[in-house]
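These are my notebook entries on a single model, kept in the order in which I looked things up.

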Amino acid sequence: MPGLATQVESYSVVIAIGGVPVRVNTTDLDFLEILQDRYAGFLSSEPHAEFNFDVNLAAPTFADPDADVSVTQRSGRWFMERGDFCAEWNPATCSGAIHQSANPYSIDAVLRIVHTLVLAKQGGFLLHSASAIRNGKAFLFAGISGAGKTTMSRLAPADATLLTDEISYVRKVEDGYVAFGTPFTGELAKLGENTSAPIAALYLLAKGSENRIEPVAVADAGRELLANVLFFAEDPEMVHCVFQAACDFVHRVPVYRLTFVPDARVWEMIR
């Protein structure tokens, strides 16, 4: 009958990473199933979510997931764009919208960006590093591509819980820092465990002819940590927050240079 609007059914899923629940809404059931598969282990059944995003599916005009990311703030809202998506987020209303095609890679990027913005204000960050829990303590293994993050993950003993082989979630708490598992994967293509533990140490990776651990001076540790922090926003205030977060971290958490041979015995040195 003319004049009657057709009601479109909406579906939602809550993705909780680092203890931050984000609700993603879509009208496409197939896309919902993609999200449920991609973030299995990080889905929450709790109705509460800190942020809400509506996903509008459309074929991008220029789909290049490797294109540079643009993250800017205007009038209190954040705008995120890459060749395969565009999104906006309003922290005041805890809501946003994402325009992308039906793939998990675009929303993966948006979630990473939003988490970096949230963490920066809290003194935390996402870090290019593998991380694992052993004996109730979390250890981070940072380095550029090829430094050995995936190797350390593969060599981890059976009593270690892998949090990630690629991007670690670091949150500042009152008495130190906590590492959380993430679904952001590297070469292993294996989701981390959705758990957390206090961070005992950060190891800066280097491959060598023998296994050895050397302490890193605070100034050097800060520079190398910043080189591995994920951050995309073109915003002076937020950049300052990230810089301060890195400085605080290296003053409170031991940082070592871990030179290692790709052999499981290297884990005997991790304490």
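Predicted model: local features only at pLDDT ≥ 70, side-chain atom pairs only at ≥ 80, totals over all residues.

**Pockets**

I noted that the second largest pocket has a volume of about 150 Å³. For this search, a pocket is an open set of points on a 1 Å grid over the protein atoms alone, with protein on both sides within 12 Å along at least five of seven lines, and a lining residue has an atom within 4 Å of a point. Grid points are joined across faces, edges and corners, and the volume is the space filled by probe spheres set on the points.

Residues are numbered from 1 along each chain as its sequence is written, and side-chain values use heavy atoms, with hydrogens and water left out.

I listed the lining of the second largest pocket, which includes Ser-145, Gly-146, Ala-147, Gly-148, Lys-149, Thr-150 and Thr-151, and also Glu-166, Glu-187 and Lys-207. Its residues divide into 1 nonpolar, 6 polar and 4 charged, where Ala, Val, Leu, Ile, Met, Phe, Trp, Tyr, Cys and Pro count as nonpolar, Asp, Glu, Lys and Arg as charged, and the others, Gly among them, as polar. The largest share of this lining, 3 residues, comes from α3; helices (H or I, at least four residues) and strands (E, at least two) are DSSP runs, numbered from the N terminus.

I then looked up the largest pocket, with a volume of about 530 Å³. Of the 21 residues that line the largest pocket, Arg-82, Tyr-105, Asp-108, Arg-112 and Thr-185 are the closest to its centre. Helix α2 (residues 104-122) gives the most to this lining, with 6 residues, and by class the lining of the largest pocket holds 13 nonpolar, 2 polar and 6 charged residues.

**Cavity**

I searched the whole structure for cavities, meaning sets of points where a 1.4 Å probe fits but cannot get out, and 1 cavity of 30 Å³ or more was found. Which elements give two or more residues to the lining of the largest cavity? They are β9 (125-134) and α3 (149-155), and β9 gives the most, with 3 residues. Among the lining residues I noted Ala-130, Ser-131, Ala-132, Phe-141 and Trp-267.

**Positive phi**

I found that Ser-75, although not a glycine, has a positive phi of about 55°. Ser-75 sits in the loop between β5 (70-74) and β6 (77-82), and is exposed (over 50% relative accessible area with a 1.4 Å probe, protein chains only; buried is under 20%, partly exposed in between), at a value of 81%. Asn-135 is not a glycine either, and has a positive phi of about 55°; it lies in the loop between β9 and β10 (137-142) and, at 67% relative accessibility, counts as exposed.

**Strand pairing**

I took two strands as paired if DSSP finds at least two bridges between them. Strand β2 (residues 20-26) and strand β4 (residues 51-57) pair in the parallel sense over 4 bridges, with Val-22 opposite Phe-51 in β4. β4 also pairs with strand β8 (residues 95-100) in the parallel sense, over 6 bridges, and there Gly-96 in β8 is the bridge partner of Phe-53.
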